[in-house]
Amino acid sequence: MRLPTRLIDLGPSSEDSDSVRLIETCGLPAPLAAEPYRYIALSYRWGEGNRLLTTKSTYTQRQTAIEVEAIPKTIRDAVLVTRRLGIRYLWVDALCIIQDDEQDWKKEAARMGDIYMNALCTIAAHAADHADCGFLQEAMEREPVVACGGKKFIQTGNATTETEAEGTYARHHLDRTELSSRGWVMQERILSPRTIHFGKAGALYFETRDKVEHIEVGKESGYRPFPGLRDALGVLDKLQGEQEAPSLSTLQANLVPFLTRNNIGEKVTVLISPDELVYNGWYELVTKYSACLLTENKDKLVALSGIVRKCQQVNKDRYVSGIWLHPDHFHVCLLWLGNGKEPLATGTGAPSWSWASILGKVQYIHGLGMLEREISHIKSEVKLEAVHPGPGVDDQSDTIEGPAILELSNVVMINKNKTELRFVHFRAGVPWHYSLNKYLNLDKPARIWDIHDDDGEIIGWASLDTHPGVSDEFGKPGEVIRASDEGITCFKMAVHDNDRVHTGHNRGYVVMFVVPDEAAGVWKRVGLGQITKRELFDGVEGTTVKLG
């Protein structure tokens with residue numbers, strides 16, 4: 001197991017010293033087989049509170065001693081929990097990364113996935129709004145569990161919640177928190193093999209690859225986020241060898257003595273191949289991650305790089321700017337929708353075809369209710385010929401985080417001799433407006449356009465992005481856009497070939513709307529949709545294009 005570059009040494013477990021210190025792990029002696037080095041990682045929000053950082057000027061001082069009383073309360077609480085669990089080392093980003101050294105930050109950011117995946121356990125401080133807030137106080141004043149008629153209930157003020165509905169309760173305390181809304185935290189949570197969650201109102205949960213369990217209630221919640229990715233990562237755990245980890249009985253004895261808990265149950269059996277688990281889990285991951293917040297847009301792809309590298313150990317696939325390049329999956333990765341109301345995510349380095357190029361939540365078209373959810377029924381109409389990395393991209397890495405260009409062959413564009421497309425914003429009563437907004441589940445209702453042909457017939461729908469070439473003011477009720485006026489054309493990307501799907505708009509071609517960027521010699525995506533009038537593509541031969 002590879003240790004982080006630096007750790008906070010809390011001292012021997014027999015001592016509760018008033019100080020801790022920063023150490024470089026390269027200087028540690030080789031561990032004994034029976035006593036490997038183990039550490040706990042902290043997942044928390046910096047916020048605007050008191051910050052104690054490691055910088056170039058304080059680095060030597062941090063290696064000598066850090067007074068515990070000078071440490072912000074959230075990190076101080078993590079020190080206490082780590083010591084109670086009998087673990088000597090703790091990893092906290094503010095102290096273990098040199099914050100004013102850009103090269104050190106880039107190096108450690110690239111290793112963030114390994115840091116959390118190799119940690120014995122992660123402490124998730126949902127209850128702490130910032131670094132100086134702390135999270136243990138709420139745990140000690142948590143909602144009590146009461147027994148009545150053989151059942152257990154969680155008491156919240158004047159209300160009681162039966163623990164049989166624990167899945168909903170767990171989602172409330174783990175998913176709908178400020179901590180969980182942060183982009184970096186999603187990677188930390190997915191990669192951590194086990195996490196102790198300290199929630200608001202003192203909610204206490206223990207999460208492993210297999211399940212989420214309420215520590216005090218002593219039962220499984222029935223809630224398991226990202227099951228596909230977690231099962232795939234579980235395969236890696238077995239290949240790399242799992243660490244001897246704290247069980248819930250350990251937490252009972254050493255963390256909060258008045259908690260009770262039975263031992264962990266049997267693990268879930270994986271019935272799907274690990275690589276398919278990665279792809280199936282990826283779409284759910286991007287949908288949820290895209291709704292998260294980041295302080296810097298430049299971190300949008302970087303904050304997932306740890307998960308990507310772990311996924312690549314399973315599926316052996318290449319990954320470029322948010323999509324996988326496997327022949328059976330690359331086209332599905334391109335078929336995403338935003339709500340049509342968000343601006344460009346400037347500074348991400350993402351090309352127009354990447355979901356990372358816009359702000360706000362995205363959804364994949366295969367997840368819509370109007371389409372069969374099985375990805376295998378969405379057949380690609382195009383072929384990926386090559387990927388051209390943009391400037392500044394590390395050619396030695398399969399994880400490309402830059403403005404890459406996709407070269408696609410067999411691309412059929414709409415036959416302009418057949419009709420002139422017109423986009424009409426939201427005509428009430430069209431069934432697929434309701435269907436799209438119902439199943440997209442975006443942060444805001446999606447801005448949907450009807451597509452009309454020359455005869456005024458509605459032949460499909462479109463969701464337009466706000467990329468260069470498309471006006472930010474598009475979308476006023478009743479507004480009409482002529483495709484030729486804006487230079488918009490469309491590429492036939494996929495066809496839905498499942499005979500079980502209802503007739504009508506469900507059987508159309510999935511198309512990507514694009515505009516030319518003549519200076520760069522590429523096409524830029526400006527939206528996605530469906531066209532049901534298939535004959536509009538007749539008579540057009542496939543060609544090779546570059547999508548930037």
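Predicted model: local features only at pLDDT ≥ 70, side-chain atom pairs only at ≥ 80, totals over all residues.
A total of 13 aromatic pairs turn up in the structure. In one of them, the rings of Tyr283 and Tyr364 have centres 4.9 Å apart and planes at 70°; that angle is over 60 degrees, so the pair is edge-to-face. The two partners come from distant parts of the chain: Tyr283 belongs to helix 11 (residues 274-289), Tyr364 belongs to strand 17 (residues 363-364), and 81 residues separate them. Tyr364 is also tucked away, because its relative accessibility of 1% is under the 20% cut-off for buried.

Now take a look at Phe491 and Trp523. Their rings are edge-to-face too, at 5.5 Å centre to centre with 75° between the planes. Phe491 sits in strand 26 (residues 489-496) and Trp523 in strand 28 (residues 522-531), so this pair ties together parts that lie 32 residues apart in sequence.

## Charges over rings

Some rings have a charged neighbour. Over the ring of Trp105 sits the charged end of Lys298, 4.8 Å from the ring's centre.

## Helix 8 meets helix 11

Back to helix 11, where Tyr283 is found. Two packed helices are described by the angle between their axes and the distance between the axes. For helix 8 (residues 183-191) and helix 11, the axes come within 10 Å and cross at roughly 145°. Which residues make this contact? Helix 8 supplies Gly183, Met186 and Ile190, while helix 11 brings Leu285, Lys288 and Tyr289. Sorted by class, that contact has 4 nonpolar, 1 polar and 1 charged residues.

How many residues of helix 8 are buried? The count is 9 of the 9, so helix 8 is largely enclosed by the rest of the structure. The buried residues of helix 8 include Trp184, Gln187, Glu188 and Arg189.

## Around Tyr89

Tyr89 is another one to pick out, this time in strand 5 (residues 89-91). With a relative accessible area of 7%, Tyr89 is buried. Setting aside neighbours within four places in sequence, Tyr89 is in contact with residues including Leu7, Ile8, Ile23, Tyr37, Ile40 and Thr82. As for Arg21, its C-alpha atom is 10.0 Å from the C-alpha atom of Tyr89, though the two are 68 residues apart along the chain.

## Cysteines

How many disulfides does the whole structure have? The search finds 0. Cys121 is buried, at 0% relative accessibility, and Cys490 is buried with a relative accessible area of 0%.

## The chain overall

Stepping back, the protein chain has 16 helices and 29 strands. Of its 548 residues, 56% are buried. Looking at contacts between residues at least 6 apart in sequence, 71% join residues at least 24 apart. The Tyr283 and Tyr364 pair, with partners 81 residues apart, is one link between distant parts of the chain.

How values were computed
Residues numbered from 1 in each chain as written. Heavy atoms only, no water. Phe/Tyr/Trp six-rings, centres within 6.5 Å; stacked < 30°, edge-to-face > 60°. Helix = DSSP H or I, 4+ residues; strand = E, 2+ residues; numbered from the N terminus. Buried < 20%, exposed > 50% of the residue type's maximum accessible area, 1.4 Å probe, protein only. Lys NZ or Arg CZ within 6 Å of the ring centre and 35° of its normal. Axes fitted to C-alpha atoms, helices over the stretch in contact; angles between N-to-C directions. Contact = heavy atoms within 4.5 Å. Nonpolar A, V, L, I, M, F, W, Y, C, P; charged D, E, K, R; others polar. Disulfide = S-S within 2.5 Å.
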